[in-house]
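I opened the model and kept notes as I went. The entries follow in the order of looking.

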Amino acid sequence: MKSAVKIRRGRGAGRGGNIRKIMKCLCSGEKAAGDDGIPASESPLPVENSASGRSSRTSEINKKPEIGNIEEAESSLRESGSLNYEEARALLGRYEYQKGNIEAALHVFEGIDIAAITSKIMISIGRRGDCPRRRSQSFTTPPMSMHTVSLLLEGIFFKAKSLQALGKFGEAARTCKVILDILESSFPEGLPENFGADCKLQETVTKAAELLPELWKLADASQEAILSYRRALLHLWNLDAETTARIQKEFAIFLLYSGTEACPPNLRSQMDSSFVPKNNIEEAILLFMILLRKVILKRIDWDPSILDHLSFALTISGDTRALAGQIEELPPGILQRQERYHALALCYYGAGEDLAALNLLRKVLSSHEDPKSLPPLLMASKICGENCELAEEGSSFAYRALQSLDHGCDQLEGVANCLLGISLSVYSKSAVADSEKSSRQCEAMEALEAARRKTRMTDPNVLYHSSLQYADERNLDSALYYARKCLKLEGGSNIKTWLLLARILSAQKRYTDSESIINAALDQTGKWDQGELLRTKAKLLIAQDEFKGAIETYSRLLALFQIRSKSFGSGDKKLRNSTRRLQMEVWHDLALVYIRLSQWHDAEACLSKSKAICSHSASRCHITGMLYEAKGLYKEALKAFMAALDIDPIHVPSLVSSAVAIRHLGHRSHPVVRSFLMDALRLDQTNHGAWYNLGLFYKSEGTKSSLVEAVECFEAATFLEESAPVEPFR
């Protein structure tokens with residue numbers, strides 16, 4: 001089957017006619033009559049008819065052969081003086097493929113013995129790639145010309161494309177891989193410069209390198225796709241900048257969204273100090289950063305989707321500060337100034353730099369920019385609503401957002417009203433007069449009610465903050481109702497809602513139900529996210545005097561911290577700080593348990609562990625004072641409480657404990673006692689300990705009016721203690 005179809009090299013004018021006869025012979029399956037250039041002993045190529053109308057397609061080829069195919073065949077003839085079986089198949093197969101006759105093209109391509117021609121192609125390419133001196137010393141002629149090599153490799157490529165069109169993706173990928181295998185074996189260090197420039201060889205290599213990973217993806221062979229992407233990018237295929245960028249982008253997208261975990265790349269030429277990505281996300285981020293660098297250097301055109309994908313990748317990895325750096329490096333003109341400021345504000349907010357984010361948003365919302373831009377208004381209100389000192393400004397941003405909407409969208413109006421309610425609720429805590437505080441709380445509740453109405457009770461965030469506001473006001477039944485609604489709407493996906501529901505139940509003294517909620521949340525939560533849940537469970541056990549179970553739960557939580565630190569190392573800054581804070585609070589909780597059990601040595605060991613995490617902690621100084629107080633050492637206790645206030649002047653527990661210590665030292669009616677307690681209540685009106693001790697202060701004064709004040713304080717303390725959760729609602 002592999003005999004060559006010989007053609008005489010007589011007159012150039014007859015070549016086109018000879019080739020037309022050859023193509024007609026290949027199509028019809030018959031020998032071209034009267035052509036002396038095709039020996040009668042050579043068997044013609046049998047071509048079977050198909051049910052899809054193969055015979056009609058053949059007649060079309062007979063009528064109008066493609067000029068480009070003929071010219072390429074003539075080029076081969078000029079070099080070798082013959083057009084062999086495989087070349088003829090490659091020409092006709094390409095012609096059929098370009099006409100859309102996919103099955104016919106594949107039938108023709110299958111006649112090419114790829115295994116047999118591979119070695120000849122490799123020898124021919126290898127000799128072409130040798131240096132001129134070595135070629136001059138070689139007296140043997142390569143088995144194939146470069147035109148022939150290019151034609152055959154192109155035929156293999158079109159065979160892969162035909163298989164792809166017919167849905168045979170795995171076979172198509174294996175066929176396409178042959179092209180790259182041949183070239184990589186011939187040139188392990190990469191293709192020479194200008195290799196195949198005088199024919200279509202480089203074009204075929206480029207297309208094959210880009211197609212192969214796509215075929216593996218279609219064949220659902222993720223690991224092979226990843227290896228093919230890396231092969232296309234790491235081997236020197238002389239790809240142009242745009243092709244390389246497309247491959248890098250598609251590879252990064254695949255790593256980011258495919259759900260397949262890739263092994264880290266094995267970079268043979270890497271330096272000792274070079275960065276090697278450890279997982280899919282890091283590799284995708286690296287690729288997107290390379291693409292952005294190419295944009296900055298103007299090697300490729302700007303593609304906004306690159307920044308979108310990079311933003312997602314860096315956000316889920318927790319490194320939005322790095323994303324801010326990338327955005328800042330973008331040249332002018334790619335992003336508008338307002339868009340750039342807003343994007344940077346999102347990055348800084350994600351990195352925990354709230355004030356930096358807010359300052360950028362203030363620039364966007366200034367009078368000479370866009371003071372009515374809705375996204376920055378909503379974001380600015382959200383940031384301010386999380387800070388008591390900025391809550392008033394947050395409510396102002398929310399009002400402006402509502403004015404900008406002007407009843408245009410119920411959903412956005414619901415979001416703006418929710419943010420307004422949050423800001424007013426936080427702002428109410430800074431009010432000095434009770435009437436002012438009550439007025440702001442009423443406005444907050446009205447805003448949240450409007451948000452629920454606008455969103456038709458379908459926004460979990462609105463329901464969560466409604467529940468939280470009712471819980472703060474000790475309307476526990478309403479708080480429970482909205483917490484349950486929120487949990488159902490979220491499908492149990494938000495840990496904050498589980499915690500709020502458990503705290504509301506604990507405020508109702510339904511500890512068993514609260515513990516069941518926590519256990520259900522633990523069953524649905526990954527172990528790395530169980531910290532707050534386990535801490536709440538331990539506090540529920542303490543409330544039921546189950547100290548042994550609480551200690552075991554805290555120990556489990558501390559073990560989780562240790563495993564996490566070894567598994568993930570430093571991690572992102574925001575997560576690391578959050579974990580350290582929670583770990584320190586757990587040591588403080590354990591110290592309090594041991595103080596209640598009069599195990600002084602264990603309590604001191606816990607405080608020592610806390611000090612190793614953070615040497616300046618108001619909470620640790622406060623618990624140290626409680627340890628002294630439990631031992632009856634009130635002077636030492638007062639020093640510790642005052643040290644806590646030096647670190648944090650608004651630390652409410654230390655304010656209350658300082659007043660108690662002063663009273664124990666014999667200064668029952670000292671004005672400083674009242675000052676500490678009033679400051680504590682100004683910061684936290686729900687602190688039942690402050691109300692109780694203020695009642696004792698008024699009682700010690702002994703006057704009629706002070707006794708009335710004492711009764712009111714005791715009543716407030718009793719009500720708040722009966723409805724106090726095991727942990728603050730917020």
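Which residues is T204 in contact with, leaving aside its neighbours within four places in sequence? I took contact as heavy atoms within 4.5 Å. On that basis I found L153, E154, F157 and I179 in contact with T204. T204 has its place in helix 10 (residues 201–218); helices (H or I, at least four residues) and strands (E, at least two) are DSSP runs, numbered from the N terminus. With a relative accessible area of 4%, T204 is buried. Here buried means under 20% relative accessible area, exposed over 50%, and partly exposed in between, with a 1.4 Å probe and protein chains only.

Ground rules. I am working on a predicted model, where local features need pLDDT of at least 70 and side-chain atom pairs count only at pLDDT 80 or more, while totals for chains, interfaces and linings use all residues. Residues are numbered from 1 along each chain as its sequence is written, and side-chain values use heavy atoms, with hydrogens and water left out.

Confidence. pLDDT is the predictor's confidence in each residue, from 0 to 100. I noted a chain average of 83, with 83% of the residues scoring at least 70. Residues 1–67 have a pLDDT below 50, and this stretch has 100 contacts in the model beyond near neighbours in sequence. Over residues 131–139 the pLDDT also stays under 50, and there the model has 3 contacts beyond four places in sequence.

Chain totals. I read off 35 helices and 2 strands. The chain has 730 residues, of which 49% count as buried. Among contacts between residues at least 6 apart in sequence, 61% join residues at least 24 apart.

Cores. A nonpolar core is a set of buried Ala, Val, Leu, Ile, Met, Phe, Trp, Tyr and Cys residues joined through side-chain atoms within 4.5 Å. The largest one has 102 residues, and those touching the most other members are I121, I125, L153, L183, F195, F288 and I327. Helix 8 (residues 146–165) gives the most to this core, with 10 residues. Another core lies apart from it and has 56 residues, including A471, L480, Y511 and V593. I then looked up I327: not counting residues up to four places away in sequence, I327 touches L307, L335, R340, A343, L344 and C347.

Cavities. On a 1 Å grid over the protein atoms alone, a cavity is a set of points where a 1.4 Å probe fits but cannot get out, and lining residues have an atom within 4 Å of a point. I found 2 cavities of 30 Å³ or more.

Backbone. Most residues other than glycine have a negative phi. M457 has a positive phi, near 60°. M457 is in the loop between helix 21 (434–455) and helix 22 and is partly exposed, with a relative accessible area of 28%. K509 is not a glycine either, and has a positive phi of about 65°. K509 lies in the loop between helix 24 (495–507) and helix 25 (511–523) and counts as partly exposed at 36% relative accessibility.

Terms used
On a 1 Å grid over the protein atoms alone, a cavity is a set of points where a 1.4 Å probe fits but cannot get out, and a pocket is an open set with protein on both sides within 12 Å along at least five of seven lines; lining residues have an atom within 4 Å of a point. Grid points are joined across faces, edges and corners, and a volume is the space filled by probe spheres set on the points.
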